[in-house]
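Here are my comments on the model you sent. Please read them with the coordinates open.

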Amino acid sequence: MRIETERLIIEELTVNDTEFLIELLNQPSFKQNIGERYVDDKQSAINFLENGPFLTYPREIGMHCVRIKGSGEPIGLCGLMKRDYFVMPDLGYAFLEQVHGLGYASEAAREVVNWANFDKGYNRLCAMTAPSNEASINLLLKLGFEETSLPSVPNEMKDSRYFELPLN
């Protein structure tokens with residue numbers, strides 16, 4: 001998947017993104033809202049890539065790097081995940097704290113939803129977020145997701161809020 005918007009490029013992560021991943025995955029907001037990933041040096045970032053995104057890219061899903069168009073500066077992640085316990089793909093995103101509130105998450109997520117709908121033909125997406133993550137909840141509602149009851153998930157996710165979005 002490669003998507004361009006007015007301000008952004010959404011594309012596969014590479015091993016050149018390790019410093020960015022270390023910064024993003026260790027931010028207080030990431031750890032609070034998504035969880036600890038134990039990515040704190042170049043090798044653990046490479047392991048994260050090899051055991052996560054790089055395995056999913058051949059199926060055209062996975063977390064992709066969101067970059068500022070022009071500079072190529074990485075500012076976040078956005079994409080679809082396929083979790084074993086959900087029937088449908090799961091929209092996910094995370095952005096550097098210094099770009100929160102600038103509309104990048106909304107712009108990237110909207111385009112990934114459009115891609116899932118029109119290019120991949122998915123008929124439904126889901127999303128989960130921490131109950132205290134008001135910004136993420138507001139973004140999901142803005143995109144048209146509706147909160148519904150949480151299906152059967154692993155115990156560590158029981159406190160999450162769950163949303164679904166029907167697609168055309």
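**Notes on the predicted model**

1. Tyr38 is exposed, with a relative accessible area of 65%. Tyr38 lies in the loop between α2 (28-33) and α3. Its phi is positive, about 55 degrees, although Tyr38 is not a glycine.

2. Glu60 is another non-glycine residue with a positive phi, about 60 degrees. Its place is the loop between α4 (53-56) and β3 (62-68). Glu60 is partly exposed, with a relative accessible area of 36%.

3. Now the helix pair. How do α1 and α3 lie to each other? The axes of helix α1 (residues 18-25) and helix α3 (residues 42-51) come within 9 Å and cross at roughly 90 degrees. The two helices are therefore roughly perpendicular to each other.

4. The contact itself can be listed by residue. From α1 come Thr18, Leu21, Ile22 and Leu25. From α3 come Lys42, Ala45, Ile46, Phe48 and Leu49. By class, the contact residues are seven nonpolar, one polar and one charged.

5. The largest nonpolar core holds 47 residues, and Leu91 and Phe145 touch the most other members. Helix α5 (residues 104-119) gives the most to this core, with seven residues. As background, nonpolar side chains tend to be buried together in soluble globular proteins.

6. Leu91 deserves a look on screen.

7. How many disulfides does the model have? The count comes to zero. The cut-off for a disulfide is a pair of cysteine sulfur atoms within 2.5 Å. For Cys78, the closest cysteine sulfur is in Cys65, 11 Å away, so the pair is too far apart for a bond. Cys126 is in no disulfide either, and the nearest cysteine sulfur, that of Cys78, is 14 Å away.

8. Are Cys78 and Cys126 buried or exposed? Cys78 is buried, with a relative accessible area of 0%. Cys126 is buried as well, and its relative accessible area is also 0%.

Technical notes
Residues numbered from 1 in each chain as written. Predicted model: local features only at pLDDT ≥ 70, side-chain atom pairs only at ≥ 80, totals over all residues. Heavy atoms only, no water. Buried < 20%, exposed > 50% of the residue type's maximum accessible area, 1.4 Å probe, protein only. Axes fitted to C-alpha atoms, helices over the stretch in contact; angles between N-to-C directions. Helix = DSSP H or I, 4+ residues; strand = E, 2+ residues; numbered from the N terminus. Parallel < 35°, antiparallel > 145°, perpendicular 65-115°, else oblique. Contact = heavy atoms within 4.5 Å. Nonpolar A, V, L, I, M, F, W, Y, C, P; charged D, E, K, R; others polar. Core = buried A, V, L, I, M, F, W, Y, C linked by side-chain atoms within 4.5 Å.
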